[in-house]
Amino acid sequence: MKIGVLGTGMVGATIATKLVQLGHHVTMGSRTPDNRTAAHWTKLNGINASQGTFSDAVLYSELIFLCTKGEATLEVVRTVGPDAFREKVVVDVSNPLDFSRGMPPSLLICNTESLAEHVQKALPYAKVVKTLNIVNCEIMIDPPKAGNPTMLLCGNDGEAKATVTALLKDFGWTDIVDLGDIKAARGTEMLLPVWLSLLNVVGHPHFGFKIVGR
């Protein structure tokens, strides 16, 4: 597929590199067309890697990964505009973390709504699927490194979830649970404070959540 990855940080670069390795063409999107980080990533990843603005990455792609910081996610999608995302699958990996008061971060949105729901409202013609946000980026594309934990996903469109599930399996995920519609992202996003607390206890990010007894 032609896939756009919005965001040039560790999460975006890790997912984008894996997608190229799987044979997809990936456009890494950023605020400017000549972003140095994106240029370096493109140089390292060969002919199936390209860069552009956020709008370029959406325009030239069938499926989009949102790997932006949670505080910037809605600004990014609104800047690109809903029409550009029409009928496209949007994989929301971002988390609404608020670092303004230091560590540990709180959540900008929680309980009665989620960042993923806001993304879906901002992109009414897109098919938003929330997943991968509950593990470190290295585990996102290599779950055996964490002992094959469970991956959760949710979204309103069944076909979109099937497409994303196939990608997750290509990433190495064998235990995937569909939680239902996009409202379930309220729970998956609220797992982040638990994950951060566990990080302090475990001492490394190579872990995940496992559903047992089902």
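Analyst: Helices (H or I, at least four residues) and strands (E, at least two) are DSSP runs, numbered from the N terminus. This is a predicted model, where local features need pLDDT of at least 70, side-chain atom pairs count only at pLDDT 80 or more, and totals for chains, interfaces and linings use all residues. Residues are numbered from 1 along each chain as its sequence is written, and side-chain values use heavy atoms, with hydrogens and water left out.

User: Good. How many residues of helix 5 are buried?

Analyst: Seven of the eight, so helix 5 is largely enclosed by the rest of the structure. The buried ones are Leu115, Ala116, Glu117, His118, Val119, Gln120 and Ala122.

User: And what covers them?

Analyst: The cover includes strand 4, helix 4, strand 5, strand 8 (127–131) and helix 8 (185–189). Covering is judged by contact, which means heavy atoms within 4.5 Å.

User: Helix 4 is in that list. Which of its own residues are buried?

Analyst: In helix 4, Gly70, Ala72, Thr73, Leu74, Val76, Val77 and Val80 are buried. Their cover includes strand 1 (2–6), helix 3 (54–59), strand 4 (63–66) and helix 5.

User: How do helix 4 and helix 5 sit relative to each other, parallel or perpendicular?

Analyst: Two packed helices are described by the angle between their axes and the distance between the axes. Here the axes of helix 4 and helix 5 come within 10 Å and cross at roughly 10°. That makes the two helices roughly parallel. The axes are lines fitted to C-alpha atoms, for helices over the stretch in contact, and the angles run from 0 to 180 degrees between N-to-C directions. Under 35 degrees counts as roughly parallel, over 145 as roughly antiparallel, 65 to 115 as roughly perpendicular and the rest as oblique.

User: Which residues meet there?

Analyst: From helix 4 you have Gly70, Thr73, Leu74, Val77 and Arg78, and from helix 5 Leu115, His118, Val119 and Ala122. By class, that contact has five nonpolar, three polar and one charged residues. Ala, Val, Leu, Ile, Met, Phe, Trp, Tyr, Cys and Pro count as nonpolar, Asp, Glu, Lys and Arg as charged, and the others, Gly among them, as polar.

User: What about helix 1 and helix 7, parallel or perpendicular?

Analyst: The axes of helix 1 (residues 10–21) and helix 7 (residues 158–171) come within 11 Å and cross at roughly 85°, so helix 1 and helix 7 are roughly perpendicular to each other. Ile15, Lys18 and Leu19 in helix 1 meet Leu167, Asp170 and Phe171 in helix 7. That contact has four nonpolar, no polar and two charged residues.

User: Which residues other than glycine have a positive phi?

Analyst: Glu87 is one of them, with phi near 65°, and Asn111 is another, at about 70°. Glu87 lies in the loop between helix 4 (70–80) and strand 5 (89–92), and it counts as exposed at 52% relative accessibility. Asn111 is found in the loop between strand 7 (106–107) and helix 5 (115–122), and it is exposed too, with a relative accessible area of 51%.

User: Changing topic: how many disulfides are there?

Analyst: Zero, from a search of the whole structure, where a disulfide is a pair of cysteine sulfur atoms within 2.5 Å. For Cys67, the nearest cysteine sulfur is that of Cys137, 9.6 Å away. Cys67 counts as buried, at 9% relative accessibility. For Cys110, the nearest is that of Cys154, 16 Å away, and Cys110 counts as partly exposed at 30%.

User: Last one: Thr42, buried or exposed?

Analyst: Buried, with a relative accessible area of 16%. Thr42 lies in helix 2 (residues 36–45). Leaving aside its neighbours within four places in sequence, Thr42 is in contact with Ala49, Ser50 and Gln51.

Technical notes
Buried < 20%, exposed > 50% of the residue type's maximum accessible area, 1.4 Å probe, protein only.
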